[in-house]
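Student: I've got a new structure to look at, and I'd like to learn where its labels come from. Can we go through it together?

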Amino acid sequence: MMPGERTEQRRADEVSLHRESPRDAVVGIPQELQVLPRSPAVLRLSPELSATLNSALDKLLEVIGVEGGVVRLLEEDTAELVLVAQRGLPSQTVQEARRLKLGEGAPGLVLQQGTPIVVEHLSQHPTLAQGRLRQDGYESLIIVPLQLHNQLVGTLSLFAKSARGFDAYERSFFHQVGVTIENALLYEEAARRERDAAFLDRATQLFNSTLELDVVFQQVARMATEVLGDSCTIHLIEEGNEYVRPVATYHPDPSAREGRLQILRDNPTRIGDPASVVGLAAVDGRPYLIRDTRREGRVRHVDPLNIYSFIAVPIIVKEKILGVLATSIIHPDRQFTQADLRLAMALADRAALAIENSRLYAQERRLRQELEALNRQVQEANRLKTEFVTVVTHELRAPLTSIAGYVELLLEGQYSEGEEGQQECLRIIKRNADRQLDLINDLLDIARLEAGKMELQRRPFDLGGVIQEVAGELRPQIEAKGQRLTLDLATALPAVVGDPERVTQILTNLVSNAHKYTPPGGSMTITTRAAHARVRVTVQDTGIGLTPKERRQLFTKFFRAQHPMVREVGGTGLGLAITRALVELHGGEITVTSAPGQGSTFSFTLPATPDLRR
């Protein structure tokens with residue numbers, strides 16, 4: 001087209017415009033264009049997209065010869081036009097008009113109606129004459145809708161400081177800019193999908209690289225901040241707990257990270273709390289997007305945690321809600337979008353699988369450890385059984401052998417030392433028979449105790465009298481070994497409640513042990529003292545003593561110390577195990593203090609008679 005033809009065409013356009021309105025006009029576009037309900041535009045612009053849009057705008061301003069321009073894109077979440085590229089506008093104007101609703105202002109009206117607007121004389125326009133553009137020195141403007149896939153996705157505005165009508169030749173460049181913007185958006189959309197896919201693939205690989213649950217939590221929280229918000233917290237649901245528990249928080253600043261986690265732990269969120277989207281997501285399994293926390297609410301700790309935008313998505317495996325992934329933006333100039341929400345949900349799905357795998361692994365490891373512990377117990381039981389059979393066989397055979405030998409001598413009449421010798425022989429038989437009976441009784445007692453069938457004949461009785469009887473019974477053999485037995489019994493001792501026969505057994509076991517493992521010339525002391533509602537009995541000796549390891553094992557079945565004196569005396573190792581069980585059956589407790597070469601002190605308590613307690 002020759003210059004003269006261009007001038008004629010421009011005049012013709014001006015006539016057409018002025019026929020519809022003396023000051024501004026609307027030029028029709030195809031009716032099939034629709035405003036996008038969900039734009040693919042990514043408003044968290046990448047540097048590449050921002051550079052492309054501004055570069056396209058620079059070229060257009062240069063070709064057409066105007067001083068300013070703006071590109072706005074439709075935000076899918078809010079249905080608002082957001083300024084994404086601009087030239088020639090003061091920062092205050094940009095800030096005031098960064099977001100416009102459909103139908104708001106000239107750009108909003110263009111997108112709503114799907115038709116361009118041309119204003120040749122802003123100074124004569126009834127409403128725009130006092131507007132910000134006119135104050136910035138512009139006289140004319142044109143705003144055209146932008147389309148993508150035959151759908152409206154934004155607007156392109158151009159401003160000139162002189163009056164001009166923007167003829168058809170100039171408007172042909174708008175289509176080229178639209179194609180450029182469309183290609184940039186398509187590229188950005190594809191790049192975003194590729195970035196998201198690569199991110200999720202990397203997240204999956206990272207989650208699969210460990211089965212440690214705490215590590216998985218930290219990885220999820222850290223990765224969520226890479227492409228979503230500025231901080232992320234994983235909240236876990238625990239059975240029987242009405243509050244979610246924050247198990248991991250990530251923030252680039254370690255001190256802020258600890259501070260945020262402490263606030264959340266000190267102020268837990270109740271599951272189902274209607275004032276918290278975290279609490280709601282934990283019970284209804286729905287994702288929540290709060291674009292502006294100060295306007296929309298339902299987010300806790302907004303001010304102390306500096307939260308401006310918020311996403312909470314449930315972590316679900318097999319229809320069971322395990323917890324909530326919550327990520328936040330702490331900068332007021334940015335908001336989450338539906339694209340962010342979809343990415344957060346995809347990340348939560350992968351995190352759910354990783355958490356479930358970690359839990360299954362932890363459960364399997366716990367079961368394996370329990371089986372190993374059970375196997376060790378079985379092995380120990382088998383060892384104890386073998387040791388038990390060996391010890392009991394020996395303990396039963398020794399007195400039986402002695403009894404059989406002396407009986408045979410008596411029967412054959414070979415014992416020729418007269419009546420006195422025969423009496424000594426019978427005493428030896430009697431002593432071995434008693435020893436065997438004691439062993440059988442111990443075995444029966446331990447069996448009854450383990451089966452829970454030991455019954456006490458409880459009644460009040462005089463403990464001092466029982467101690468005197470036990471001392472009188474054992475004193476001959478104690479003195480025969482050159483040992484001393486001293487009684488230190490408290491005066492006015494209250495009566496105790498228990499089974500006198502079993503208390504006699506307890507005392508006999510303790511004094512007999514002291515006698516066996518105390519060298520000749522040693523001493524033993526039995527002491528009693530009233531202690532509130534109890535009576536404490538102490539048996540102290542000057543015997544061989546015990547090592548710390550031996551003290552820890554002392555009351556277990558079949559345990560015997562490794563001291564030579566212990567091996568010489570013999571025994572089954574059941575006496576002290578029975579003693580402790582009988583004391584505890586009475587409601588008392590037994591303790592021991594000892595050191596090698598310094599003797600041992602056994603102390604046990606019995607309940608006193610209620611009306612006689614002091």
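Tutor: The accessible surface of the protein comes to about 31500 Å², and 51% of that belongs to carbon and sulfur atoms. Areas like this come from the Shrake-Rupley method with a 1.4 Å probe, and for residues only the protein chains shown count as cover. This is a predicted model, where local features need pLDDT of at least 70, side-chain atom pairs count only at pLDDT 80 or more, and totals for chains, interfaces and linings use all residues. Residues are numbered from 1 along each chain as its sequence is written, and side-chain values use heavy atoms, with hydrogens and water left out.

Student: Why is Ser231 called buried?

Tutor: Buried means under 20% relative accessible area, exposed means over 50%, and partly exposed is in between (1.4 Å probe, protein chains only). Ser231 has 2%, so it is buried. Of the 614 residues of the protein, 46% count as buried.

Student: Which residues are in contact with Ser231, leaving aside its neighbours within four places in sequence?

Tutor: Contact means heavy atoms within 4.5 Å. Among the residues that Ser231 touches in this way are Thr225, Thr249, Tyr250 and Arg260. Ser231 itself is found in strand 9 (residues 231–236).

Student: How do you know that the side chain of Ser231 has a polar contact with Tyr250?

Tutor: A polar contact is a pair of N or O atoms within 3.5 Å; within protein, one must be able to donate a hydrogen and the other to accept it, and residues adjacent in sequence count only if both atoms are side-chain atoms. Here the backbone oxygen of Tyr250 lies 3.0 Å from a polar atom of the Ser231 side chain, so the distance is within the limit.

Student: What makes strand 17 and strand 18 a pair?

Tutor: Two strands pair if DSSP finds at least two bridges between them. Eight bridges join strand 17 to strand 18 (residues 534–541), so they pair, and they run antiparallel. They form a hairpin with two residues between them, and His532 in the turn has a positive phi of about 55°.

Student: In which sense does strand 15 pair with strand 17?

Tutor: Strand 15 (residues 484–489) and strand 17 (residues 523–531) pair in the parallel sense, over six bridges.

Methods: Helices (H or I, at least four residues) and strands (E, at least two) are DSSP runs, numbered from the N terminus.
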